[in-house]
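Subject: Structure handover

Hello,

Here is the structure for you to look at. My notes on what was found follow below.

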Amino acid sequence: MRVPQSSHWRFRQDATTLWISALIFLAGAFFTERSWQSIYADEIKEARVDFEDATEDAVHHLEYRLRAQDQVLHAAEGLYASAGITRRNWREFVDRLDLDRQFPGLRAMEYSPLVAASDLARAISSRRTEGDPLFQVFPAGNRPAYQPIWYAAPQNTLNLRALGYDLATNSERRAAMDRARDSDTTAMSGKVPLIRDDKSDEPGFLMFRPLYRGGKAPLPEQRSRLFAGYIVAAYRMRDFIMGTFQFPPDRKFELKVFDAAMSPGRESLMFDSNPKQERSGRQFHLEKVFAFGGGTWHVVFDSTPKFESEIDHARSTLTLGSGLVITLLLTLLGWTLAGSRARAMRRIEIVTADLRASQERFQLAIAATEDGIWDRDLVTRTTYLSPRGEEMLGYPSGGLAGKIDSIHNLLHPDDVARWEAALQAHLEHRLPYDVEYRARHRGGEWRWFRSRGQAVRDAAGRPLRMVGSLSDITAMKTSALHLERQREYLIRLIDVIPDPIMVKDRDSGYVMVNRACARRIGMQATDIVGKTTRDLFPENTAADMIALDRRLLETGEDQAREVSAYDAGSGTQRHVVIKKSLTLSPDGELLIVSIISDVTELRRALARFEAVIDDTPLVAVVGLDRAGRVVHWNRACEALYDLPKSQAMGKEVGELLFSGEATANFRRLIESVWTSGQPTPATEFYIPLKNGKRVWVYSALYPVVENGIVTEVFGMGVDISARRRVERELKLHRDHLEERVAAQTAHLVRAKDEAERANRAKSEFLANMSHELRTPLHGVLSFAKIGAAKAATATPEKLSGYFERICQSGERLLTLLNDLLDLSKLEAGKMILESRRENILDLFLDVAAEFETVLETKPLALVVEPVTVAPVAELDAVRIKQVFRNLISNAIKFTPPGRTIRMSIRQVELRAGHRATDTTMVPALCLSLADEGIGIPEGELESIFDKFVQSSLTRTGAGGTGLGLAICKEIVEAHRGAIRAANNPDGGATLEVLLPCGH
């Protein structure tokens, strides 16, 4: 069948139309896809930059946390260098740090001294006496030296579990410890399990700061020799990371941290913020190597699904949608143009409607943005400005149409050159077009704008047009100018402050000084800035100022010091107070701000005031600081409290003056003044002083308030002891005269009885002493006469025997005289004790060894019971051995042959004083020596310790002076101890020596 020509033509026409439409569609889709890909890539690039900024900020946070901890370790090093580390000052130091709040994630801060093997037993014993009786060093084993954890904070169950652990027994810890010791820097360990941790699968890390005897070692070769221990910070890795920055659902990244020193793999993993979620296929991945203190972490960042889902693809989506719409419209237009005129006419209305809708959508998009849109045709040199852009310039929509060919017409003359340079750089060198300039508003004022744009080029790269945005930044510029004026105002304000102010960097270089400071130094401010402290001041002055700066940087606490300094402005020497504080520059750099206050006149006035107070004869004035230490002590105080000013200044007044409960009462009273800022009412106080004196004082406490803050507390008191004694005596005479007469009579009777007993004891003593002295003297004289008579005829053996008898008698006579001299010295208080920490058990065993032959000869058994406490006390070893000799000698003397003498040591409590009013108890050691002899009559258990007194069961009338136990009592009481006797239920007597075991 033949197709008619007209139908064939229509078929060919339809095919041509289809091919043209297809080509238009493919070309439009291609350019749309390329535009979408380009914009999409830019959006991904912006998201990547945002992701990388977040990871960089995270690394900075990690570094800041570690450096902050390093500063605390430096502060603890300063504590060791200044006063050594004790249990008390360590607790005060860590309490001020507020570890839980200031250092979240810190598991423990520790002090670990170096303990030689030869000192280990003594060190453990000393540590146990501090209040930790179960303290031990572990793991067990013999090593040349030990590095145990001595103190740990905060005090919790896990940290107490770690006390005594030898840190050097772990190779990973030891590597970091050796690195810190040899380099005198803070060292960080790799991945380690924490000994205190109840979660063994949780990794951690440690930071070590070395300590050296006498402060820092000046030379590397001296460090091992002077090394004394470490200050240690222990972190569980998860707690450290979570304390640095949290991981809420909207976080931009997930984080893994590996120990870079270990082989890559699961074993080196230290932290995973989301271990349950697979991270393969994440859009952004970044790895960083972070080093601190010799330790290295491999930090891996992956973007979170939420962050990826929130990437702004509005521009690419709008480009894709608009491109497809325009492509479809162009395809339809091509189909229409290639078709018949009639169909074109039918379709024209549809295309027009679609174009109108597209234009409306474009206009709506333009209206939705706060920026103006401009389009500059570089060929025809015509400019289109969106209605929003016209509105920003003060014109109605279409108000600028045909009036300008470029924004150039509205530019401020001073900004034209900058605008043209930016435009030329973009068109010729393809640099980003982003420029700020002023343009004239319709109202006549100049407003600031930011213009950004992009050129559209042909295939040859020639620019055809530019399209861009216009933003009104007048408010931002106004704010910036306002801030600049505020900065200039602040500088002028600081300049008019009369006190010198200076700002230095951490290297003591001057960043800023005010006019008063420049005048005091005698230079222009511009000549001072940029110089260092050593450039401006003599070496000794500069060294002091730099030391104060370093202390401020190490501790972070404000520093203040009063010095005498030369004022170049007045040409005189002035008293000034320098106060230093830390602040941060806008760039985050630490700066030191110093304010100098002239206190010359204040010092003169204070000197006059102190002179008046010092010379006040009746009112005792004492000034106290916040810690209760004495800062002022006048002459009336010296008289009232019987204590010179040189011994009182700087001491804690409660411990200095009072005893017992009076110390606690005074501390509560002074604390109420510091807290309330109100004086106490004047009250009469009966005060027992530490030196044994008791006084009545009419006293009150007054606060010194500066700027609403209590800075000092003054106590003023008047001695009314004489008045109170008179009042008491009058009252006693008035109300209790009869009782006083009876009491006085009884007292006289007791005195008479005591005098008679003393007279009898003296008579017995003289009788005994005459016998005791005559016997050895008689022996000396007799054998001397025999030796002299037979010197010519006696054999050498006989003569040797005579001389041996003379020596024995002389030694016995010397012992009696020594006892008398010792007793007289003890009673007169002239016996000097040389006390130090001694082991009582060792001393007793030394003395017992002297009696070994006597015990075997009699025979007797001396049994030492097992000792379960640390038998260490502060005492004079020579005098205590003298006591033990007397007790063992008496026990041997009165115990029948074949019996047993038993010695034991136990922990007890002893009254702090010997007066009836002394109620404070202190820890003490009790050494008991029990014999199986004849015992002591119940009525003589106390009198046997009196001078010249013997037990009635042992008196023979011809032997013994009764001085042995009296001397023992005087020696023990000189050690603030006690000695007592008791009878055993099964026969025999027990003598107990009680000695305080505290320092």
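One term first: a residue counts as buried when its relative accessible area is under 20%. Please keep in mind that this is a predicted model.

Start with strand β7, which covers residues 203-212. Of its 10 residues, 10 are buried, so the strand is largely enclosed by the rest of the structure. Both sides of β7 show this. Pro-203, Phe-205, Met-207, Arg-209 and Leu-211 point one way, and all are buried. Gly-204, Leu-206, Phe-208, Pro-210 and Tyr-212 point the other way, and these are buried as well.

Next, the partners of β7:

- Strand β8 (residues 227-236) runs antiparallel to β7, and nine bridges join the two. Here Pro-210 has Tyr-230 of β8 as its bridge partner.
- Strand β5 (residues 187-188) is also antiparallel to β7, with two bridges between them. Met-188 is bridged to Met-207 in β7.
- Strand β6 (residues 192-193) is joined to β7 by two bridges, again antiparallel. Val-192 has Gly-204 of β7 as its bridge partner.

Now to the helix. Helix α1 spans residues 5-83, and His-74 sits in it. Is His-74 buried or exposed? Its relative accessible area is 17%. The cut-off for buried is under 20%, so His-74 counts as buried.

What does His-74 touch, leaving aside its neighbours within four places in sequence? Its contacts are Thr-186 and Arg-209. Arg-209 takes us back to β7, where Arg-209 is one of the buried residues.

Best wishes

Definitions and conventions: Residues are numbered from 1 along each chain as its sequence is written. This is a predicted model: local features need pLDDT of at least 70, side-chain atom pairs count only at pLDDT 80 or more; totals for chains, interfaces and linings use all residues. Side-chain values use heavy atoms; hydrogens and water are left out. Helices (H or I, at least four residues) and strands (E, at least two) are DSSP runs, numbered from the N terminus. Buried means under 20% relative accessible area, exposed over 50%, partly exposed in between (1.4 Å probe, protein chains only). Contact means heavy atoms within 4.5 Å. Two strands pair if DSSP finds at least two bridges between them.
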